[in-house]
Amino acid sequence: MKITVIGTGYVGLVSGTCLADVGNDVLCLDVDANKIRILNEGGIPIYEPGLEAMVKKNEAAGRLRFTTDIEAAVAHGTIQFIAVGTPPDEDGSADLQYVLAAARNVGRHMQDYKVVVDKSTVPVGTADKVRAAIADELRQRGIEVPYSVVSNPEFLKEGAAVEDFMKPDRIVVGAEDPHAIELMRQLYAPFQRNHERLIMMDVRSAELTKYAANAMLATRISFMNELANLAEKLGADIEHVRHGMGSDPRIGYHFLYPGCGYGGSCFPKDVQALERTAREVGQELKILTAVEAANEAQKHVLTGKIVKRFGEDLTGRNFALWGLAFKPNTDDMREAPSRALIDDLLARGARVRAYDPVATHEAQRIFAGEGRVEFATSPMDALKDADALAIVTEWKEFRAPDFEAIKSQLKQPVIFDGRNLYDPQHPRKAGLEYFPIGRK
């Protein structure tokens, strides 16, 4: 099948590459000439495990190409995926300017039948706006060309996006046009040979499904974070509580890990956008309002522990940070808890020396010009002259450290663990003060 993917960010590049990998002819479009240059020179503009090798393989096979030529991109694919950014607007709603600009480009150049697929995470009703934008462009051209608009939300986890696309839990498609439905079934047939994963529904339900899924996951995280904070005050251990809760099959163990808050490009933005959508129809989502407030507070929990141990004035103190990305296996620092912690420490006069396996370049961009933030080349290098270590991202390489070596490097033997990576007895046996979240 001939497919065009508009946008080469996380969703677009992963989707286009995976679709090419099963034999489709894919052309990826981006208006950012620098991104296309990087891709055409054999690099990739994002970090995602396994993606670079797959891009190179499919480029070499001629199944995957990249362009800034809008007219050529519209002409190429019968199926046109819109996978551009939908950043939060000032009022919390999703900014649809890039989605609608992509739709208008399709309407401006299309000559034959197209299935326009909303792959970006968009509010309920966006398909109607996309349909209207295309119709308006066709009207201005004075021609009639058939087309369908489909909702096909992505469910890709950063850090595991390739595997999620190739082996999906579910494929949600919202469509009413029988021909479009048949084309989408053909498109996704290679990804569900084991059993049927395609869930067909109306367009608006598909649009809501994406927001509902992310909002539920965010809710579980904030709920566990609040329970962890309560467990500390009550003298309980949240790890025991987690096992007790998760053993109930109605609850399960997924997303029951407390920590120092969620971040990234999806959960914060999607929770806000869903709240905004509800307000537009006169409904307040009280649970999600609480979820968002709880998460913002949780990003400062490590700060509270540090202040309790060292005092409010941290002038002259140096802190080591392990982890900058909002989660492992990505370089994404959007809404990352590390940013809140660094800002808090700097505001109290401290210095920070941070290490992350892949997000250092992004952190250097964010904290450019801030002389009190330094970046280490290894976990142990980050401990240089540090009064304490704070762990913010649960990278695998942090899971089994040499606690004796950590103690020997730190000026004071103190660890603040924002991800509960260790059994508390192990660092404490090594003579370290260990401050996890919600554990005894």
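In this predicted model, the axes of helix α13 (residues 301–310) and helix α14 (residues 337–347) come within 9 Å and cross at roughly 35°. Axes are lines fitted to C-alpha atoms, for helices over the stretch in contact, and angles run from 0 to 180 degrees between N-to-C directions. Helices (H or I, at least four residues) and strands (E, at least two) are DSSP runs, numbered from the N terminus. The contact (heavy atoms within 4.5 Å) involves Leu302, Thr303 and Ile306 of α13, together with Leu341, Asp344 and Leu345 of α14.

Residues are numbered from 1 along each chain as its sequence is written. Local features need pLDDT of at least 70, side-chain atom pairs count only at pLDDT 80 or more, totals for chains, interfaces and linings use all residues, and side-chain values use heavy atoms, with hydrogens and water left out.

Six strands form an open sheet in the order β11-β10-β9-β12-β13-β14, with parallel pairing. Two strands pair if DSSP finds at least two bridges between them. β11 (373–375) and β14 (433–435) stand at the edges, each with a single partner strand, so one side of each has no neighbour in the sheet. From one strand to the next, the twist averages 20°. Strand β10 (residues 351–355) runs parallel to β11 and is joined to β11 by three bridges. Arg353 has Glu374 of β11 as its bridge partner.

Both helices meet this sheet. α13 lies across β9 (318–322), β12 (388–391), β13 (414–417) and β14, and runs at about 160° to β13. α14 touches β9, β10, β11 and β12, and its direction makes about 175° with that of β9.
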